[in-house]
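Here are my notes on the model, in the order I went through it. Have the structure open while you read.

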Amino acid sequence: MKLSASRCLDGINLIYISLAAILFLTLAGSAFVGHTFTEQRKTARLFYCDFAKYYVCGKIAASPDRLKAYDAKVQADYLVKDALGDPSAPEEFIHYPPMDFPLMAPLATLPIEQCFLVFCLSGSLIFLSGTFFLSRAAAGAGAGFNSINALLFFWLAVFGSVPMLRAFALGQTSLFLAGITAVYIFAWMRKRSFLAGLALALTSIKPQYSVFLVVPALACRRYKLVLWAALCELVMVLAAVATIGPQNVINYPQIVLHAEQTANLAGGFVSEMVNVRGLLAIFVADSVAVKIAGGLALIAWFYLASLWWKFGGLQKGEPTRARPHTVALLLATTVLYCLTFSPHTHLYDLVILSVVAPAAAQSSIKSAWSGEEPRAEKLFSLLLLVYPAAGWLFLLMPGGIGACRTAPFALYNLALCALATISLYQQSPAAITDGTTPGSNQEPRMWI
């Protein structure tokens with residue numbers, strides 16, 4: 001009876017995934033085929049507003065005003081002149097990291113609509129490639145995404161999700177970051193230090209996530225990986241210095257701190273964040289919420305490091321044989337902590353959460369339900385599998401707008417964090433360190 005019910009739920013889930021993905025791809029495709037970018041941008045200021053800011057970063061980087069990159073008036077002028085901005089409705093301050101300016105400069109040589117098309121196609125290619133290689137690497141860890149059909153429906157689920165729709169509508173870099181994170185996890189699993197270091201450095205386009213993603217490398221003393229990441233980051237910083245000047249790079253921490261704490265610069269959407277800070281901001285002023293969230297982020301960072309120390313087989317001072325599935329679960333937990341406890345996480349950033357599924361989850365409700373994993377891990381997989389459908393329920397249910405729609409995502413993420421952590425504690429000591437996958441006759445693959 002349970003298996004029949006799970007098959008039925010799988011069928012419903014697959015039908016939903018397919019319909020939602022078709023709807024999204026049709027809407028996105030029509031924007032390009034019908035050349036509606038300009039019209040949509042002029043009709044509603046929020047359409048593609050984040051992409052417009054990325055585009056302006058590229059334009060400023062190649063202009064005589066590049067040394068004034070973080071001057072609000074200069075940014076506003078370029079938004080109106082080059083990115084279809086409305087002079088009567090001031091845009092939010094651009095406080096993107098300095099490396100975004102040289103990274104966007106080549107793309108910004110194109111007209112804005114063509115640039116957006118290349119931007120979307122490039123992000124999709126990086127995401128599809130990264131998650132493909134990740135699924136291949138994770139197959140040996142007991143993750144269920146080991147068939148092309150499972151991977152295809154996974155991709156459809158991502159493209160048919162609420163975070164993906166939000167990312168496209170705003171023109172965010174979510175697909176790039178999700179793909180880069182997938183490459184980082186893949187390279188970690190395959191012990192490719194340079195590739196992992198390069199991917200880790202590139203995640204600094206949103207540095208609030210990099211500080212969590214570096215934890216596995218530090219905890220497991222992957223010094224070669226950390227060195228490559230530092231060198232790649234140095235190259236990116238030097239490119240930023242050469243583009244917008246050393247003063248802008250040196251002063252960036254102060255610039256972003258000021259922007260985060262000033263409502264008319266940050267946009268005032270803090271209570272709509274899908275992290276701990278967003279939940280706190282519903283009940284208290286953000287000036288209080290940001291301090292509490294910052295303290296919790298620090299605690300979460302050290303606790304995540306302790307999880308790697310405990311379950312990564314590092315207690316005796318040197319890496320020991322850690323079962324691939326346990327390490328995959330640790331990597332998934334890292335991504336979840338990264339999104340939930342970082343100081344700045346919006347709905348579109350949850351596209352990054354998708355990489356957790358091929359890394360450490362089952363590919364169907366049936367396999368999750370009938371597996372031999374501990375109860376918490378089964379529930380963890382089930383919640384990941386229904387995440388896209390749950391997202392649409394959160395968006396469509398009655399009750400208001402703004403935080404009423406986004407708070408359920410934050411609570412869902414907290415539940416996933418808790419289940420992933422409990423799943424680690426439910427691993428048997430033998431399973432953690434035997435270096436093999438249950439039921440497998442393979443030689444142990446060492447990922448630590």
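1. Is Trp-309 buried, exposed or partly exposed? With a relative accessibility of 37%, Trp-309 comes out as partly exposed (buried is under 20% relative accessible area, exposed is over 50%, partly exposed is in between, with a 1.4 Å probe and protein chains only). You'll find Trp-309 in helix α18, residues 286-311. Its C-alpha sits 9.2 Å from that of Pro-216, a residue 93 places away in sequence.

2. Some ground rules before going on. This is a predicted model, so local features need pLDDT of at least 70 and side-chain atom pairs count only at pLDDT 80 or more, while totals for chains, interfaces and linings use all residues. Residues are numbered from 1 along each chain as its sequence is written, and side-chain values use heavy atoms, with hydrogens and water left out.

3. Confidence. The chain has a mean pLDDT of 86, and 88% of its residues reach 70 or more (pLDDT being the predictor's confidence in each residue, from 0 to 100). Helix α10 (residues 193-202) has the highest confidence at 97, and helix α16 (residues 263-266) the lowest, at a mean of 49. Two stretches to keep an eye on: residues 316-320 stay under 50, with 13 contacts in the model beyond four places in sequence (a contact is heavy atoms within 4.5 Å). Residues 434-448 are also below 50, and that stretch has 45 contacts beyond near neighbours in sequence.

4. Overall build. There are 25 helices and 0 strands in the chain (both are DSSP runs numbered from the N terminus: helices are H or I with at least four residues, strands are E with at least two). Of the chain's 448 residues, 53% count as buried. If you take contacts between residues at least 6 apart in sequence, 76% of them join residues at least 24 apart.

5. Around Trp-308. Thr-334, in helix α19 (residues 324-341), counts as buried because its relative accessibility is 2%. Leaving out residues up to four places away in sequence, Thr-334 touches Phe-212, Leu-213, Pro-216, Leu-304 and Trp-308. Ala-219 also pairs up with Trp-308: the two are 89 residues apart in sequence, yet 6.3 Å apart C-alpha to C-alpha. Ala-219 belongs to helix α12 (residues 215-219) and is buried too, at 12% relative accessibility.

6. The second largest pocket. Its volume is about 490 Å³. The search runs on a 1 Å grid over the protein atoms alone: a pocket is an open set of points with protein on both sides within 12 Å along at least five of seven lines, a cavity is a set where a 1.4 Å probe fits but cannot get out, and lining residues have an atom within 4 Å of a point. Points are joined across faces, edges and corners, and a volume is the space filled by probe spheres set on them. There are 27 lining residues, and those closest to the pocket centre are Phe-154, Ala-157, Leu-384, Leu-385 and Pro-388. Two or more lining residues come from each of α1 (2-33), α7 (148-159), α8 (162-170), α22 (375-385) and α23 (387-396). Helix α7 gives the most, with 6. By class the lining is 19 nonpolar, 7 polar and 1 charged (Ala, Val, Leu, Ile, Met, Phe, Trp, Tyr, Cys and Pro are nonpolar; Asp, Glu, Lys and Arg are charged; the others, Gly among them, are polar).

7. The cavity. How many cavities of 30 Å³ or more does the whole structure hold? The search finds 1. Among the lining residues are Gln-362, Glu-373, Glu-377 and Lys-378. Helix α22 supplies the largest share, 3 residues.

8. Backbone angles to check. Most residues other than glycine have a negative phi. His-35 has a positive one, near 50 degrees, and Tyr-48 has one near 60 degrees. His-35 is in the loop between α1 and α2 (37-43) and is exposed, at 57% relative accessibility. Tyr-48 is in the loop between α2 and α3 (49-61) and is buried, at 2%.
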